[in-house]
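Here are some notes to go with your first look at this model. Have the structure open and follow along point by point.

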Amino acid sequence: MQLNSHPASFRDPEGQIFFHQNKLIRKLSGNGIKSYKMLRESGLYEELISDKKLIPHHEVEESSEGLFLSPDLIENISYPYEWSFSALKDAALLTLDLQFNALKRGMTLKDATAYNVQFYKGKPCFIDLSSFEEYNEGEPWIAYKQFCQHFLAPLALMSKVNINLNALAKNYIDGIPLDLAVSMLPTLSRYRPGLYMHLTLHSKMQKNYADLGEKTESKKRSISKNNLLGIIDSLKSTVNSLSLKNVDTEWGDYYNNTNYNDESFENKKKLVESFGLSVEPSTVWDLGANRGVFTRIFSDKGINSVAWDIDPVAVERNYNQIKKENNENLTAALIDLTNPTPGIGFQNTERDSFETRAQRCDLILSLALIHHLAISNNLPLDRVAEYFSKLSENLIIEFVPKSDSQVKILLSSRKDIFPNYTLDGFKEAFSQYFEIVKEENVKGSERTLFLMKKK
Amino acid sequence: MQLVIISLLSFLSIESAHAYLDPGTGSMIIQAVIGAVAGALFFIKTYWANIKAFFANRKKK
């Protein structure tokens with residue numbers, strides 16, 4: 001079959017991913033096939049599938065070239081630097097869980113990168129089938145350092161220093177270097193038992209042995225299965241003990257502080273719903289979604305939706321609510337629209353940019369957002385329109401005029417250099433890229449809601 | 001020189017033939033250290049759970 005290789009799949013030659021028509025194909029060869037067969041024969045595969053911890057794979061073909069499998073597709077791809085604290089924590093616990101269960105069945109994970117996890121139907125799910133390989137007692141966990149860099153370090157930093165620090169993952173493709181993480185932790189945190197062992201001491205050991213050949217004594221490097229399970233258990237307790245300090249961010253209390261009376265709020269909801277459903281979307285992206293109140297208009301109807309927001313506390317609250325509701329149609333993720341996630345990794349194609357992933361969405365919501373982009377961030381209206389037109393076919397956008405109390409606040413501490421920020425100016429800017437399908441005033445407010453279609 | 005070669009060889013013997021990840025020597029060594037402590041704690045934890053279960057079963061009789 002004609003296979004096009006995936007740009008992110010090159011590190012493990014025995015388990016590579018390819019595109020074929022609209023499917024993803026994993027090609028196993030050599031030891032990759034042995035490991036897969038062991039995964040199935042040990043019963044580990046069945047256990048993980050029934051617990052919904054691993055994405056189901058289907059056997060497509062077995063030939064002299066290799067064994068070809070096709071995994072179910074993840075609808076919304078997101079990356080650790082876009083996840084909330086609790087989402088990253090759940091992904092970490094999943095990884096440890098998998099390693100623990102694997103060891104019980106004679107297998108082990110040969111890598112523990114955060115990119116092995118995606119959110120599927122609201123829950124973290126492992127996608128890298130090729131990570132599982134045979135465990136030989138005595139071997140230490142080869143992925144231990146990677147786990148600490150991808151999961152433990154960012155979680156510790158978000159918990160003990162600042163909630164925004166998972167953004168470092170954008171810069172460090174293989175997780176946050178341990179010495180960097182430790183240098184940022186408050187002294188007291190560095191010496192708490194769990195973090196001390198797995199970050200502080202770990203980082204020191206790494207530095208000591210960085211130059212091969214310097215220490216020539218052969219150190220004991222084998223470790224019993226019980227001790228390995230002990231390490232995993234210790235990592236689990238350490239991760240579990242990390243939590244977010246109660247943080248007050250600008251947007252955390254948004255819905256308590258805005259100028260919506262209940263009536264106008266309900267009117268807006270009704271309009272958004274009728275506009276949105278009229279285009280029959282299959283995937284909705286809500287930009288500046290905060291806790292996902294309006295996103296849920298669509299996800300509650302079974303439509304796949306992603307709630308993007310700049311505020312990590314809002315994303316965190318949304319994610320926790322998704323968990324509570326067992327919501328299978330909603331994903332919460334972090335984005336700064338004035339500096340959206342770029343493509344990163346080798347050739348900048350290993351992890352897709354925000355814009356690339358937007359190809360999957362056919363409706364974008366931009367509610368109570370435009371004034372932040374145009375006024376707080378000085379983005380020209382026509383450039384915003386151009387950008388939105390690249391992201392999606394259909395757009396529901398709310399124009400918030402200067403007479404609105406929220407905009408008055410924005411303009412109170414700066415000069416008004418926005419002569420074109422009027423209803424007419426807005427319509428003119430957006431008409432360059434979109435056709436205005438519907439336009440209605442949100443009763444009870446001064447705002448206007450639009451449904452637009454890309455020209 | 002010979003010591004360097006021997007230490008390099010001992011490093012090779014511990015790596016799996018099919019591992020593509022470079023784990024770092026320090027990370028392997030620290031596991032032996034941490035494992036001793038963590039392993040003991042873990043053993044007691046599971047042992048304690050078994051003891052509790054054993055007595056719970058005895059009470060039922």
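**Notes on the sheet, a helix pair and some salt bridges**

1. Start with the open sheet in chain A: its seven strands run in the order β12-β11-β10-β13-β14-β16-β15, with mixed pairing. The edges are β12 (330-334) and β15 (434-441) of chain A, each of which pairs on one side only. From one strand to the next, the twist averages 20°. For the terms: strands (E, at least two residues) and helices (H or I, at least four) are DSSP runs numbered from the N terminus, and two strands pair if DSSP finds at least two bridges between them.

2. Before going further, some ground rules. This is a predicted model, where local features need pLDDT of at least 70 and side-chain atom pairs count only at pLDDT 80 or more, while totals for chains, interfaces and linings use all residues; side-chain values use heavy atoms, leaving out hydrogens and water. Residues are numbered from 1 along each chain as its sequence is written, with chains lettered from A and ligands numbered from 1 in the order in which they are written.

3. Now look at β16 of chain A. Strand β14 (residues 394-399) of chain A is joined to β16 (residues 448-454) by six bridges, and the two run antiparallel. Across this pairing, A:I396 sits opposite A:L451, and A:F399 opposite A:T448. β15(A) is also antiparallel to β16(A), with seven bridges between them; here A:E440 has A:L449 as its bridge partner.

4. The hairpin of β15(A) and β16(A) has six residues between its strands, and A:G444 there takes a positive phi near 95°. How many of the seven residues of β16(A) are buried? Five are, leaving the strand mostly covered (buried means under 20% relative accessible area, exposed over 50% and partly exposed in between, with a 1.4 Å probe and protein chains only).

5. Axes are lines fitted to C-alpha atoms, for helices over the stretch in contact, and angles run from 0 to 180 degrees between N-to-C directions. Among the residues that meet are A:F85, A:L88 and A:L96 in α3(A) and A:F147, A:F151 and A:M158 in α4(A) (contact means heavy atoms within 4.5 Å).

6. On to charges: the structure holds 20 salt bridges over all chains, each a side-chain nitrogen of Lys or Arg within 4 Å of a carboxyl oxygen of Asp or Glu. One of them pairs A:D12 with A:K110 at 2.9 Å, N to O. These two are 98 residues apart, with A:D12 in the loop between β1 (4-5) and β2 (15-20) and A:K110 in the loop between β6 (107-109) and β7 (117-120), all of chain A. Are they buried or exposed? A:D12 is buried at 9% relative accessible area, and A:K110 is buried at 5%.

7. A:R105 and A:E47 also form a salt bridge, at 2.6 Å from N to O. A:R105 is partly exposed, at 33% relative accessible area.

8. A:K427 belongs to helix α17 (residues 423-431) and A:E439 to strand β15 of chain A, twelve residues apart. Both are partly exposed: A:K427 at 24% and A:E439 at 35%. Elsewhere, A:K268, A:E398, A:D404 and A:R447 are joined into one network by salt bridges that share partners.
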